[in-house]
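This report looks at a few local features of one protein model. Please keep the sequence and the coordinates open while reading.

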Amino acid sequence: YMARGANGSALKSYQKVLELKPGAFYPALQIATIKQMTELADESLLEFRELVVAQPASPLALKGLCETCLYLAREHLTTRLMGLARDRLQEGLIAIASAVQLRPDLACLWKLAGECLTLAGSLPRSWHYLTVPEVLRSKSASEATQQGLQLLQLGARCLCRCLKLMSGEGQAAVWHDLALNYRQQVELSDARDGICQRALAAAKESVTLDPGSWQHWNQLGIVAALPEVRKFKLAQHAFIKATMLDNTVAAPWSNLGCLYLRLDELKLANAAFSAAQRTDSEYCPSWVGQALIAERVQNEETMDLFRHTTQLGYHPESSLGYGQWVCQTLRQATNDPHYIYSIERMHAVPVAIDALTWSTDDREDDACGLNMLGCLLERCGRYRSSVEVLSRAVDQAPPTHRDKVLANFGRVLLKAEKVEDAVQVYRAISKADIHSQCGLALALYRDKQYQEAFEAYEAALNWWAQDDAVKSHLHVAMAAVAYKLAGADPAKTLLLKGNQLKPTSVYGLFAACSLGMLNSDLELSKMVLRDLLKYQNEAEYIPHIALFQAYTKFLQCDFQGSVWSMSKTVHVHPSLPALWLHQALLILNKHSVGESAGVVGVGKVGVAAHSARTAMTLGRTKMDVSKVLAVVSLSQLMSGDANRALSASQHAVHLYPAVGESWAVLATSCHAASVTDVTPAHLRSFISHARQNIELERPLAKWMSNFERKISLLAA
């Protein structure tokens with residue numbers, strides 16, 4: 001049955017033998033072998049392990065265990081499970097070393113040892129190490145743990161030993177493996193020219209011994225096209241010969257396309273890649289080649305092609321290409337249809353992060369890939385991971401691009417609240433530009449070095465600002481620093497000066513309006529609001545303008561007018577969650593101030609809870625809603641509905657346990673609802689947990705301290 005390829009029937013026959021004679025070694029060995037051949041490798045591995053335990057001196061069981069481990073390692077590599085792949089290679093190497101000790105005269109054992117070592121040496125740098133048994137180590141190797149190039153060299157020795165033991169049929173496959181081993185050594189060795197010549201000689205020998213195998217011709221073409229060999233005519237001949245021997249395989253067609261692409265023969269490359277796609281529509285390298293051609297000719301479908309390659313499987317060029325196009329597209333306007341489809345609907349950022357993570361694991365010195373990965377992690381808010389990746393990118397970046405990577409690194413350090421490190425990184429930039437200079441100024445401002453920050457912004461304004469729009473933004477930043485240094489008057493002067501430039505910075509108008517409110521200069525605020533009316537229909541600015549309009553009336557004690565003003569904007573733009581949240585907070589503020597002024601509004605506070613819930617529903621994907629549930633709970637509490645307030649506060653704590661406001665409203669709601677199961681000790685534990693484990697703003701920390709003191713007095 002096995003000789004005819006009927007593995008299922010053979011498996012049943014051997015299982016019947018085991019039923020008749022339990023514990024028989026040979027049928028159990030054949031069952032494990034058949035399972036490994038029929039893609040039941042996990043079961044095969046367990047059975048081979050049992051056989052090795054039962055008969056540790058059996059070369060057949062040890063050989064079968066190594067073959068199964070090799071098969072599983074290759075499977076793990078396709079799914080990027082590097083740790084599992086290395087573990088299986090280690091287990092297989094130990095098994096085959098034991099077999100070699102028993103029968104050093106068997107060539108097949110040395111071939112398996114060479115395959116294990118070659119595959120282990122081609123793993124990424126973080127994983128290409130194995131503990132090599134003494135029987136396989138060279139006499140000069142004193143350490144058991146071998147890495148990278150050492151593993152490949154040991155693999156070549158094992159394959160050469162196999163060739164010495166073999167004669168006649170089968171040598172071509174070993175020469176093929178030896179050429180592959182040398183080709184892997186080229187990537188890690190400094191003496192590349194000599195190794196390339198060995199690889200070429202081995203590939204030619206495999207073709208000479210078995211000229212009817214397309215794999216040998218394909219290998220010869222790959223070696224001939226290496227940068228150190230550059231025998232492109234031989235490579236072309238070898239790839240074409242491979243396609244003639246078997247035109248149902250996509251690999252030689254794809255390799256021929258890569259050769260033409262390297263020689264800038266785009267039409268021939270396109271034809272070769274198309275032939276590979278007709279042969280196998282899911283062969284990833286052929287699609288990568290088409291994407292590279294599309295990128296070369298600036299075709300609009302380039303990003304779609306790179307996206308398709310990432311869906312087919314992992315390829316390093318595919319990962320870099322798709323990551324680059326995602327980064328380029330992220331710079332477009334967020335309301336652009338291409339952006340909405342390519343980034344949002346296709347979930348481009350997380351897909352690109354996964355692809356670039358695998359790519360940078362393979363190529364740890366790829367500064368470009370690390371830089372893009374760091375920027376995409378920053379985009380997702382994973383600042384700690386971004387800092388780690390960009391620090392690696394800085395170490396690997398060439399001098400010509402190091403300043404750009406440092407600028408990205410400094411920006412992410414700022415977002416990760418590592419202000420002092422950010423200042424040092426920005427100062428390490430050798431050739432500053434407008435972006436890095438402003439980044440340095442912001443880092444100095446966050447580090448409370450206000451005088452140095454002002455000077456840095458001033459230098460950016462005088463040396464790098466080219467148009468009035470940038471100058472207007474810089475005046476806003478300088479006003480913020482001046483407010484910290486000398487108070488409101490210099491800040492007001494800078495803001496008014498910046499607002500005279502065209503186009504005016506809208507955020508400069510916002511700052512001037514806020515400054516007027518903070519310093520009781522409502523005339524200034526009203527004047528700026530008139531300038532802001534031209535922006536009142538732009539979605540980006542609507543919530544801010546509505547808030548300023550409402551609070552201008554609020555500060556004039558026109559509480560009802562402020563709420564009406566906000567409600568009017570909410571009715572015109574009901575899809576903006578920020579407006580609903582502003583309305584909820586405005587009603588709460590009106591109620592709080594109105595109490596002291598004798599205004600009755602308790603019954604209307606429930607509207608604030610409804611507004612906050614609406615903001616929560618609309619804003620889940622558009623804004624930070626971590627504190628909105630706390631507003632809902634507070635609204636219910638102020639309206640007198642303590643039970644609903646308690647429910648909302650519990651929901652807030654479960655969803656956002658790292659938000660101090662959630663714990664504050666939970667403690668208050670429990671206290672107001674008089675929950676029998678919650679004692680003063682429990683309330684103190686809520687407050688204590690928040691104060692010890694969460695970074696609180698000063699007003700909230702002060703409130704919690706007072707509340708804890710109040711609970712302690714009540715308990716006493």
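The model is predicted.

**Helix 12**

Helix 12 covers residues 250–262. At 1.5 Å a residue, its 13 residues should span 18 Å, and the end C-alpha atoms are 18 Å apart, which agrees. Of these 13 residues, 10 are buried, so helix 12 is largely enclosed by the rest of the structure. Among the buried residues are Ala-250, Pro-252, Asn-255, Gly-257 and Tyr-260. The packing partners of the buried residues are helix 10 (214–224), helix 11 (232–245), helix 13 (266–279) and helix 14 (284–296). Just after helix 12, Asp-264 has a positive phi of about 65°.

**Leu-370**

Leu-370 belongs to helix 19, which runs over residues 367–379. Is Leu-370 buried or exposed? Its relative accessible area is 0%, so Leu-370 counts as buried. Beyond its neighbours within four places in sequence, Leu-370 contacts Thr-360, Glu-364, Val-389, Leu-390, Arg-392, Ala-393 and Gln-396. His-671 is 301 residues away from Leu-370 along the chain, and the two C-alpha atoms are separated by 51 Å.

**Cysteines**

How many disulfides does a search of the whole structure find? The search finds zero.

| Cysteine | Nearest cysteine sulfur | Distance |
|---|---|---|
| Cys-69 | Cys-66 | 6.7 Å |
| Cys-327 | Cys-375 | 6.0 Å |

A disulfide requires sulfur atoms within 2.5 Å. Cys-69 is in no disulfide, and Cys-327 is in none either. Cys-69 is also buried, because its relative accessibility is 0%.

Note on methods. Residues numbered from 1 in each chain as written. Predicted model: local features only at pLDDT ≥ 70, side-chain atom pairs only at ≥ 80, totals over all residues. Heavy atoms only, no water. Helix = DSSP H or I, 4+ residues; strand = E, 2+ residues; numbered from the N terminus. Buried < 20%, exposed > 50% of the residue type's maximum accessible area, 1.4 Å probe, protein only. Contact = heavy atoms within 4.5 Å. Expected span 1.5 Å × (residues − 1).
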